Amino acid sequence: MKKFSIIFLALVALLSGCQDDIDLELKDDQSGIMVVEAFLRNISTREAIKLTRTTSYYDSEPEELVTGALVTITEDNGSPFQLKESTNPDSLGYYIKPANFSMKIGSAYTLTISIDDEIYTAVSELKPIPNIDSMEVFYNDIQFLFASEFVPIAPGDTIYDINITYTELPQKGDVYLFKYYVNDTLASFYPRDFVYFDDEFLNGEVTGSVQQFPKIQADYGDKITIEMLSISPELATFYEVLFNQTDLSGNLFASSPPANVPTNISNGARGNFQVSQPTYKSTIFKPLFQE
Amino acid sequence: MYLFVFMMPSEHTFAAYKIMMKKILLVLMLIPFFGIAQKHSISGYIKDANNGEELIGATIFVEETKGGVATNVYGYYSLELPAGNYNLVFSFLGKNPERKQVELNADLKMDIELKDNSVSLETVEITAEKKDQNITSSEISTQKLEIKQIKQLPAFLGEVDVLKTIQLLPGVQSAGDGNTGFFVRGGSQDQNLILLDEAPVYNASHLFNFFSVFNPDAVKDLTLYKGGIPSRYGGRLSSVLDIRMKDGNSKQFSSSGGIGLISSRLTLEGPLVKDKSSFLITGRRTYADLFLRLSNDDAINQNKLYFYDLNTKLNYKINDKNRLFLSGYFGRDVTGFSDIFGFDWGNATGTLRWNHLFSDKIFSNFSLIYTNYTFKIEGDVGPAQFTWNSLLNDVGFKGDFTFYANSNNTFRWGIQSTYHNFDPGKITAKLEGAFENVTELSENDGLEHGIYLSNEQKLNDKLLLIYGGRLSAFQNIGPDNIYSYDKSDPLFYRVTDTTTIAKNEIYKTYFGFEPRFSLRYTLNKSSSVKASYNRIFQYIQQVQSSLSVAPFDVWFLANNNIPPQIVDQIAAGYFKNLFDNQLETSVEVYYKYIQNQTDIVDNADILGNELFDGQLRVGNGWSYGAEFLAKKQAGLFTGWVAYTWSKTERVIDEINGGKKYYAPYDIRNNLTVASTYQITERVNFGGNFIYSTGRAYTLPVGKYNYNGTSIPLFADRNSNRLPDYHRLDLSVTIDGKTRSTTDRRRIENSWNISVFNVYGRKNPFSVSFAEDQENPGQSKSTMFYLPGPIPSVTWNFRF
């Protein structure tokens, strides 16, 4: 519904009257709650999970990193594998999955974090990913006329379409997350820039998929890479809700009332744990017609 | 207790039980007939002498018996008296009472016309007649508003709006600044039954709730029932707002209208066939969009943003016993941005009614009712297209009977049946040459039926009872898709199975028994106590994501996943008139309990979602409160002060971790003042003031970072409060000089200047929580509000 919501934003801008900063007295401060950011790809590079704690809402202090936790990953009913804390002073609070740690498609992985007599756990299954058969990038000349601070599209912004084809996997419940890289640098970093696909209506079919990424900073000749990642439906919901509760917050029509973004971590912690199988395809960005 | 003993199942006791039942019936129904000699009826219509409009709720007082009756919604009355000589007083607020002497020796027909009583400054005449209707009637939790009075109060942007005026009544809360949405006694907006000449109105708002669909020039009378809801109404839990349109001037042709800042109105009315038939046609259109076109900015001058509506009414008197009424409403909102985006919506209603007198004592009305609501969203940006068409139709039949049996008993019964056809529509999103995504939202059809019977019985001079009940039934009809959900994660239901229902198959039936009861006990000439109980079933609901209803918020029928909502409400009140009925005061307390109260789950995804019922959770809710009202209706200074204390809570297992929480419109204290003051013969001041403590809201208690995004951490649902709400509106109405033309017609005109939110209070409608984009890492709260003060001016005329 993300794209759908955008339709109404222009109306909202017109009708929601004025806006002003407001100082509300916030009671029941709940800082110090464990937050887990754990998205582990099954690739042969180092990956990290990040542990932080919640802070007071109006706090402008840098986030509080959690050091000294014991973090393990367990495959199915195997024995726990420890993710060692980074020793680099610039990346405290990060716990490293080494490059040689590989995961198995179809296995469930349990993340266990223990610190100060508290134990937090989460489970995620490594789902398969199909191969990308073809890829094209082209400039989309739609001129967006709606301006809104909620959406990363401004009037006159251009959109680049990355068109890929692949054969959707036969089982139901597949969700793929797409990110893109320009010259091997990740360009879709924030959840609001992510694009995902679920197979509810197109299960098992050959799918031509246009993924629209607004605000690509790319020039002809650049190398564009698309990364397609298998994720759980819950993580797609997580991203969608996150977008609703942050970028669309307070929007009269398009948003839901304030509520917490869901989590799959136990014991009252926030955040998310996901293991994911990626697949890649690259192309050189060139004009559709030779000028 | 006796009944319990006799209900043992044996033949012998069954006979005894029947005898017992008969005795009870005798006690209830036959006692009033004791000692009655020859009786005759007096019946007829009471009308406005100016334009021949029938007056609703006009009273007939019999001086000899100290008793009386009031006219029904068609202006008809009937009462029965023993033969003899009587003095009858016919009165209505704002009219000079008429006294008639009658010698009653046969059934009598008597139509009466009442003339205006003009307020004169020098001698403040207070008519000494009985104005204690609020003391003597059985009606509790019921508010009637005069359209004349509504028109003198300050109006937002100069648009007189009945829905905004009822928000000033005790027990009624507003959905926000300038918003027509209202909540009655802790009930949600879809629990209000809004009727326009008996046709239900599904979306009573124009322009995203800034204005209501009710053109004040077409409205004759409105009554709001908050409790003690009569048996003839059903289908919504919390209130009935019964709006009646004018019939049209039957005396002479006249026109009236107004030119305001954002809209103009014109009404034409007059007789078609003398003493037989009259008509009314009234239209209204806003023209904000015309100003937009003057802009040099292309982004503005190509926008469309307007609404219009048209009310028509036709009545025809076949003879003394039969009358026909045809009323219609048609309204549209049109918004658009250049030719790339359009969003239109609107209602159409039509009612054909036939009043028939079976005898002087049996009044009946048969109605055919049609209502339609549609919206259409279209986007067309080059190769990208988007359309969504949605419609909702109701077709219904209704028969209502009133039997004015004798001076102590009035029986009412009736039958009602409605076919609902809700088609939320098809959403098409396509990008040429790339994809086409069609979401077909499944149609929702159903039949809703009701039969009712009630008796209004005067047991003695002090005690008046109304007892009865309504039997309702609801049937779901195919085609439809029924979804089964995996509910293992209470926050996210996932579909496990879909059952397709064939066309015209009735696949689910619900029944409801709805007892209704009210009593009035008169303590003395100026005070009474009243109490009521009602049970109501509600079979249709609206999914709403925000406090403000959006035009695309979908209505749906009770189904296998969402059962009907049921309310039980008790209300009791003390009514006291002071200063010879000049000041009416009342205190009412209520408690209501709602079974199967629905609410949306955290992070619900509702917009255009076929699986909306998986986004709702069902539990129980309750509300209780006390309402204080002091109202002055006569004299130069009129108006009311109302104070409401109330509390509205819910428990739904899957929401807020199953803990009790406040409804989003829970407001603890609410004070309203609405007043008008006639300062000279031509100048009238009006003022509204509202103060209410903050409504329940979900506020953050912390924040965290995830993937470079700052996310607020929220406390329990609605566990905090927004800042207090307060606002002052002022207006002045200046009557122009009245000119008389040769044929004795009068040309009247008046100016109304209103200022909304005089001191520019910023009342937050909603608050958002996000990272400060200019100051990353810092979170902030941003409130959305309607800026003030907003002045407006309107010129009204009549000739």
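This is a predicted model: local features need pLDDT of at least 70, side-chain atom pairs count only at pLDDT 80 or more; totals for chains, interfaces and linings use all residues.
Residues are numbered from 1 along each chain as its sequence is written, chains are lettered from A and ligands numbered from 1 in the order in which they are written, and side-chain values use heavy atoms, with hydrogens and water left out.

View 1. Helices (H or I, at least four residues) and strands (E, at least two) are DSSP runs, numbered from the N terminus. Ser188(B) is buried at a relative accessible area of 12%, and Gln191(B) is buried too, at 0%. Here, buried means under 20% relative accessible area, exposed over 50%, and partly exposed in between (1.4 Å probe, protein chains only). The side chain of Ser188(B) makes a polar contact of 2.7 Å with that of Asp190(B), while the Gln191(B) side chain makes one of 3.3 Å with the side chain of Gln565(B). A polar contact is a pair of N or O atoms within 3.5 Å; within protein, one must be able to donate a hydrogen and the other to accept it, and residues adjacent in sequence count only if both atoms are side-chain atoms. Leaving out residues up to four places away in sequence, Ser188(B) touches Phe183(B) and Tyr665(B), with contact meaning heavy atoms within 4.5 Å.

**View 2. Here is the largest nonpolar core, with 35 residues.** A nonpolar core is a set of buried Ala, Val, Leu, Ile, Met, Phe, Trp, Tyr and Cys residues joined through side-chain atoms within 4.5 Å. Among the residues with the most contacts inside this one are Phe182(B), Leu241(B) and Trp640(B). Elements that each supply at least two of its residues include S11, S12 and strand S39 (637–651) of chain B. A second, separate core of 28 residues includes Phe537(B) and Phe552(B).

**View 3. Chain A meets chain B.** Lys762(B) and Asp20(A) meet in a salt bridge at 2.6 Å, N to O.

**View 4. Arg494(B) reaches Glu234(A) in a salt bridge.** The closest N and O atoms are 3.7 Å apart. This pair crosses between chains, from strand S31 (residues 494–501) of chain B to helix H3 of chain A. Arg494(B) is partly exposed at 28% relative accessibility, and so is Glu234(A) at 39%.

**View 5. Two salt bridges lie within chain B.** Asp400(B) and Lys398(B) pair up with their closest N and O atoms 2.8 Å apart, and both residues are buried. Arg412(B) and Glu456(B) meet at 3.3 Å, N to O. Arg412(B) lies in strand S26 (residues 409–431) and Glu456(B) in strand S28 (residues 444–458), so this pair ties together parts 44 residues apart in sequence.

Methods
A salt bridge is a side-chain nitrogen of Lys or Arg within 4 Å of a carboxyl oxygen of Asp or Glu.
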